[in-house]
Amino acid sequence: MSSEFTPNSSRSHLMIIRMARILRRDGVDKLLKISRYAAKLALASTTPKSLPLTVRLKSFESSVGVSRKAFRLGKFVQDVNALRSAKPDSPYDALLVLIAYGGEGIYYFVEQFVWLSKSGLIHMRSLPRLHKISAWAEFIGYFGSISLKIGDLRRIGEEIAALELGSDGSGGGGANEEKLRRLKEKRMLKRLSFVQDLADGLMTIEDIRDSKGGILSSPILLASAGLVSALISTHKNWLSC
């Protein structure tokens, strides 16, 4: 008996393989992110900068940072695909989607050249300008992403309120309870994503400011924000597997 292999099933199979590879790559990236910000937090907590352990931690943190950029080569294509497949509900949402995915896509694209510069393949004199462009693009992307999540949380809250109001009556039963449970799980994940964007946005603002001092330049605050973001993104990646 021969099995049919249609073009649609072929595309679905390729999509599954591609998603598995993306999740695996993102998983490695998140582990590197946890390692990097854990090292940053340890560095921020140690006062003697000349200790051998401090020097090794600094070298490790720097190497992991460059490695993460290598793992994200070509990742801007995901944002291009997300833009193409997005179906916003209104022109305002369409603008926010463009800002979110467009900003993030430009950030990942520019970061490729940052990696090339740090790897020595292009001249280091372009590095400060590339850092500034990528930081602003990342900040714009987070602004759009946070704005979208605020709208999503408001809509999910309205749906939950409507279902809870309906469950007080006589309709729905088990189907409503299951939908309510899924909506609450979705809201929790959306809240975690919101916190992650805020943490990443805080670090991006510091990149734009070029460490000009103040509370936002606190190494412990920035390392803690990075670690919170890394743990949330690892949790989300785990749930997607």
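In this predicted model, F76, D79, A82 and L83 of helix α3 meet a series of residues in helix α4, namely V97, L98, Y101, G102, E104, G105, Y108, F109 and Q112. Sorted by class, this contact between α3 and α4 comprises 8 nonpolar, 3 polar and 2 charged residues. Helix α3 covers residues 76–85, and its axis lies 8 Å from that of α4, at an angle of about 160°. Angles over 145 degrees count as roughly antiparallel, and α3 is therefore roughly antiparallel to α4. The crossing in which α3 passes α4 is left-handed.

Helix α4, which spans residues 91–118, also packs with helix α2, made up of residues 52–71; the two axes come within 9 Å and cross at roughly 135°. Because of this angle, α2 and α4 are classed as oblique to each other. Here too the crossing is described as left-handed, with α2 passing α4. On the α2 side the residues involved are V66, K69 and A70, and on the α4 side they are E111, V114, W115 and K118. By class, the contact of α2 with α4 holds 4 nonpolar residues, no polar residues and 3 charged residues.

V110 belongs to helix α4. Is V110 buried or exposed? Its relative accessible area is 9%, and since buried means under 20%, V110 counts as buried. Leaving aside residues up to four places away in sequence, V110 touches L130, I133 and S134. The C-alpha atom of V110 is separated by 9.6 Å from that of A135, a residue 25 positions away along the chain.

S62 is placed in helix α2. With a relative accessible area of 41%, S62 is classed as partly exposed, because that class lies between the limits of 20% and 50%.

Attention then turns to helix α1, formed by residues 7–45, in which K30 lies. Which class does K30 fall into by accessibility? K30 has a relative accessibility of 13% and therefore counts as buried. When residues up to four places away in sequence are not counted, K30 touches K75, S233 and T234.

The individual helices can finally be set within the whole protein. How many helices and strands does the secondary structure contain? There are 7 helices and 0 strands, and from the N terminus on the elements follow the order α-α-α-α-α-α-α. The protein has 241 residues, of which 33% count as buried; K30 and V110 are examples of buried residues. Among the contacts in the protein with a separation of 6 or more, 69% are made by residues 24 or more positions apart. The accessible surface of the protein amounts to about 15,000 Å², and 64% of that surface belongs to carbon and sulfur atoms.

Conventions
Residues numbered from 1 in each chain as written. Predicted model: local features only at pLDDT ≥ 70, side-chain atom pairs only at ≥ 80, totals over all residues. Heavy atoms only, no water. Axes fitted to C-alpha atoms, helices over the stretch in contact; angles between N-to-C directions. Helix = DSSP H or I, 4+ residues; strand = E, 2+ residues; numbered from the N terminus. Parallel < 35°, antiparallel > 145°, perpendicular 65-115°, else oblique. Left-handed = near helix turned anticlockwise from the far one by under 90°. Contact = heavy atoms within 4.5 Å. Nonpolar A, V, L, I, M, F, W, Y, C, P; charged D, E, K, R; others polar. Buried < 20%, exposed > 50% of the residue type's maximum accessible area, 1.4 Å probe, protein only. Areas by Shrake-Rupley, 256 points an atom, 1.4 Å probe, with all protein chains shown as cover.
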